[in-house]
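Before you read my comments, please take a moment with the sequence and the three-dimensional view. The points that follow go from the overall fold to individual side-chain contacts.

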Amino acid sequence: MDRRIIAILGVSIIEIAMRLFYKHLGIDPLLYTLTARLIQAALIIGTASGCSGIKTKSVTKETIIGIGCIAAFGIVVLSADLASRLAVHGGILRMLLKKQEVNNVFLFFIVGCLIGPFVEELFFRGLIQSLARQYMPAFAAIAVSSLFFASMHGSLSVVQLAGGIMFGIIYEWRGSIWAGYIFHVAANTGIWLYPYLWPFILSRI
């Protein structure tokens with residue numbers, strides 16, 4: 001059996017079990033999520049490291065490419081948001097992004113902006129997309145991984161779906177998770193912080 005299938009099944013079982021037992025343990029949700037993600041990462045790397053997109057010739061090069069991608073994307077998104085303010089009060093980003101109430105900022109950053117994106121890139125791109133790519137063209141494999149990615153966040157939101165497509169395109173282009181991971185880290189951080197920053201940004205325009 002393909003090692004990716006074993007890893008996908010293992011991660012899915014862990015995710016289901018963690019969600020079922022969460023309400024019975026009374027553990028801080030961020031620590032609980034961190035524990036689940038670390039276990040899942042260890043399972044993926046231990047089971048399918050050679051075919052999970054983690055290997056690349058140069059992590060440094062992929063990091064630079066990821067930074068370039070998020071910079072270009074950020075310029076496009078912010079420009080579109082500014083232009084939309086001619087018709088929509090506060091811009092479209094204000095409508096799409098909602099404030100997330102965070103009690104532990106440091107732990108939230110570690111879990112939601114660093115560890116979470118790493119495990120998600122391993123799972124959705126490194127495992128699911130690469131496996132799907134063996135049986136279908138690139139656009140279909142990207143669509144499959146993006147739909148799974150968005151649905152696992154609770155709903156098929158435009159933001160999550162768009163993010164999944166962008167991460168999928170970068171993975172298809174680069175053949176490893178690292179550039180997409182950097183993009184994902186920056187995107188999650190931006191989604192979290194922008195609702196707090198937009199009033200300040202608006203006052204400076």
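1. Overall size. The radius of gyration is taken over C-alpha atoms, and the globule rule used for comparison is 2.2 Å times the number of residues to the power 0.38. With 205 residues, a compact globule would have a radius of gyration near 17 Å, and the chain, at 18 Å, agrees with this. Taken along the principal axes, the C-alpha atoms fill a box of roughly 55 × 45 × 30 Å.

2. Basis of the model. This is a predicted model, in which local features need pLDDT of at least 70 and side-chain atom pairs count only at pLDDT 80 or more, while totals for chains, interfaces and linings use all residues. Residues are numbered from 1 along each chain as its sequence is written, and side-chain values use heavy atoms, with hydrogens and water left out.

3. Helices (H or I, at least four residues) and strands (E, at least two) are DSSP runs, numbered from the N terminus. By that definition the chain has 8 helices and 0 strands, and along the sequence its pattern reads α-α-α-α-α-α-α-α. Of the 205 residues, 40% count as buried, where buried means under 20% relative accessible area, exposed means over 50%, and partly exposed lies in between (1.4 Å probe, protein chains only).

4. Aromatic pairs. A pair of aromatic rings is described by the distance of the centres and the angle of the planes. Rings of Phe, Tyr and Trp (its six-membered ring) pair here if their centres lie within 6.5 Å, and planes under 30 degrees apart count as stacked, over 60 as edge-to-face and the rest as tilted. The structure holds 9 such aromatic pairs. In one of them the rings of Phe-73 and Phe-183 have their centres 5.3 Å apart and their planes at 50°, so this pair is tilted. The pair links distant parts of the chain, since Phe-73 belongs to helix α3 (residues 59-84) and Phe-183 to helix α8 (residues 178-203), 110 residues apart. Phe-73 is partly exposed at a relative accessible area of 33%, whereas Phe-183, at 2%, counts as buried.

5. Trp-178 and Tyr-181 form an edge-to-face pair, with 6.1 Å from centre to centre and 90° between the planes. These two residues are 3 residues apart in helix α8, and are therefore separated by about one helical turn; Trp-178 and Tyr-181 are both buried. Elsewhere, ring pairs link Phe-73, Phe-123, Phe-124, Phe-149, Phe-167 and Phe-183 into a cluster.

6. Charges over rings. A charge sits over a ring if NZ of Lys or CZ of Arg is within 6 Å of the ring centre and within 35 degrees of the ring normal. Arg-125 lies over the face of Phe-149, at 4.8 Å from the ring centre. The charged end of Arg-174 sits over the ring of Trp-173, at 5.0 Å from its centre.

7. Salt bridges. Side chains of opposite charge can pair when their charged atoms come close. Taking a salt bridge as a side-chain nitrogen of Lys or Arg within 4 Å of a carboxyl oxygen of Asp or Glu, the count comes to 7. One of these joins Arg-133 and Glu-172, with the closest N and O atoms 3.1 Å apart. Arg-133 lies in helix α5 (residues 105-133) and Glu-172 in helix α7 (residues 158-174), so the pair ties together parts that are 39 residues apart in sequence. Arg-133 is partly exposed at 36% relative accessible area, and Glu-172 is partly exposed at 31%.

8. Further charged contacts. Asp-81 and Arg-85 meet in a salt bridge at 2.9 Å, N to O; Asp-81 counts as buried at 1% relative accessibility, and Arg-85 counts as buried at 16%. The side chains of Arg-4 and Asp-2 also form a salt bridge, at 2.8 Å, N to O, in which Arg-4 is buried with a relative accessible area of 7% and Asp-2 is partly exposed with 25%. Finally, Glu-15, Arg-19 and Arg-37 are linked in a network of salt bridges.
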